Amino acid sequence: MAPHVPPTDPQPGPRGGLPLLRWLEIAAAVEATTLLLLMFVAVPLKHLFDWPLGVRLVGPLHGLAFVAFCWTALHAIVADPTGWPRYDKLRIFLGTVIPLGGYWNLRFIARKARRTGTGN
Amino acid sequence: MEPDLYLWVKAAHVAAVLIFIGGMVAVGVSSTILPLLENKAATASRAIGRWNACLTIPALAASWVLGLILAMSGNWFAQAWLQAKLLFVLLMTGLHAIHSARLRRIASGEICPAWRTVPLVAAVCIAIAGLVVLKPDW
């Protein structure tokens, strides 16, 4: 049986760090989770139980997670020498504004990583 | 927020922004110069990329976190000057993501065309400074 050869990473991180698509996956998971927490925990707590602290904490956290995701996505798109199809570019940003769209993005990024051989 | 703590957070925010802008100008100038270096471009871009990863990206993250804390403490989110500033900051953040990606491509040996963005960075800095200091009441 031939020995297992790990796929080469077309976009390795600096000094062998995480590949870009792995960073993008982490950023998408954090963005999607903070949006869910905001929509289904913090906002109901504010309006049903008059507890605004949750929104005050999770709101800015989600804002930061959103900016971090957009930075990572833009970075991954431009850094890819093969270029992303226009539909892929559109859907990755669309996924951030749709509830649960972040998880949809996660599956898409994992598929893309498998296709490009980033070996996630 | 306590007045003393506010001043410390503000000082840290200004420091982080200064470091970030320094890094932005450096990657902007690199984007213009590196394509002219030909065989030395990959080595030079790896060195600039390390500086970018170790200093500029953390400074960008710190600028965002501290800036949000300041905006929340002053309840300024509804004010037009802060919304306008946020648009400029988003532009700078996006520009930085593109520059960092181009550095990575040059480091991998790709030849990228020269890209002159330093005048845009300078113009955005002037606009942000004006908005923050004057806080125009639109």
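## What counts as buried

A residue is called buried if 20 or more other C-beta atoms lie within 10 Å of its own, exposed if 12 or fewer do, and partly exposed in between, with the C-beta atoms placed from the backbone. By that rule, 27% of the 138 residues of chain B count as buried. In chain A, buried residues make up 29% of the 120 residues.

Before going on, a word about where these values come from. This is a predicted model, in which local features need pLDDT of at least 70 and side-chain atom pairs count only at pLDDT 80 or more, while totals for chains, interfaces and linings use all residues. Residues are numbered from 1 along each chain as its sequence is written, and chains are lettered from A and ligands numbered from 1 in the order in which they are written.

## Two chains built from helices

Let's start with the overall plan. Chain A has four helices and zero strands, and its pattern along the sequence reads α-α-α-α. Chain B also has four helices and zero strands, again in the order α-α-α-α. Here helices (H or I, at least four residues) and strands (E, at least two) are DSSP runs, numbered from the N terminus.

The C-alpha trace of chain B spans about 55 × 30 × 15 Å along its principal axes. Two residues are in contact if their C-beta atoms, placed from the backbone, lie within 7 Å. Of the contacts in chain B with a separation of 6 or more, 83% come from residues 24 or more positions apart. For chain A, 66% of the contacts between residues at least 6 apart in sequence join residues at least 24 apart.

## Helices side by side in chain A

Two packed helices are described by the angle between their axes and the distance between the axes. The axes are lines fitted to C-alpha atoms, for helices over the stretch in contact, and angles run from 0 to 180 degrees between N-to-C directions. In chain A, helix α1 (residues 20-49) packs against helix α4 (residues 101-116) at an angle of about 170°, with the axes 8 Å apart. That makes α1(A) roughly antiparallel to α4(A) (angles under 35 degrees count as roughly parallel, over 145 as roughly antiparallel, 65 to 115 as roughly perpendicular and the rest as oblique).

Which residues make this contact? From α1(A) they include A:Leu21, A:Leu24, A:Ala28 and A:Leu35, and from α4(A) they include A:Tyr103, A:Leu106, A:Ile109 and A:Ala113. In total, the residues of this contact divide into 11 nonpolar, two polar and three charged. For these classes, Ala, Val, Leu, Ile, Met, Phe, Trp, Tyr, Cys and Pro count as nonpolar, Asp, Glu, Lys and Arg as charged, and the others, Gly among them, as polar.

## Helices side by side in chain B

Now look at the last two helices of chain B. The axes of α3(B) and α4(B) come within 10 Å and cross at roughly 155°, which makes α3(B) roughly antiparallel to α4(B). Their crossing is left-handed (the near helix is turned anticlockwise from the far one by less than a right angle; clockwise would be right-handed). Among the residues in contact are B:Trp81, B:Phe88 and B:Met92 of α3(B), together with B:Val124, B:Ile128 and B:Leu131 of α4(B). By class, this contact has 10 nonpolar, no polar and one charged residues.

Helix α4 (residues 118-134) of chain B has 17 residues and reaches 24 Å from its first C-alpha to its last, close to the 24 Å expected at 1.5 Å a residue. The expected span is 1.5 Å times one less than the number of residues.

## Where the chains meet

How many residues of each chain are in contact with the other? There are 11 in chain A and 17 in chain B. On the side of chain A that touches chain B, nine residues are nonpolar, two are polar and none are charged.

Most residues other than glycine have a negative phi, and most peptide bonds are trans. A:Asp50, not a glycine, has a positive phi of about 55°. A:Asp50 lies in the loop between α1 and α2 of chain A and is exposed, with 7 other C-beta atoms within 10 Å.

B:Lys135, also not a glycine, has a positive phi of about 40°. B:Lys135 is found in the segment after α4 of chain B and counts as partly exposed, with 14 C-beta neighbours inside 10 Å.
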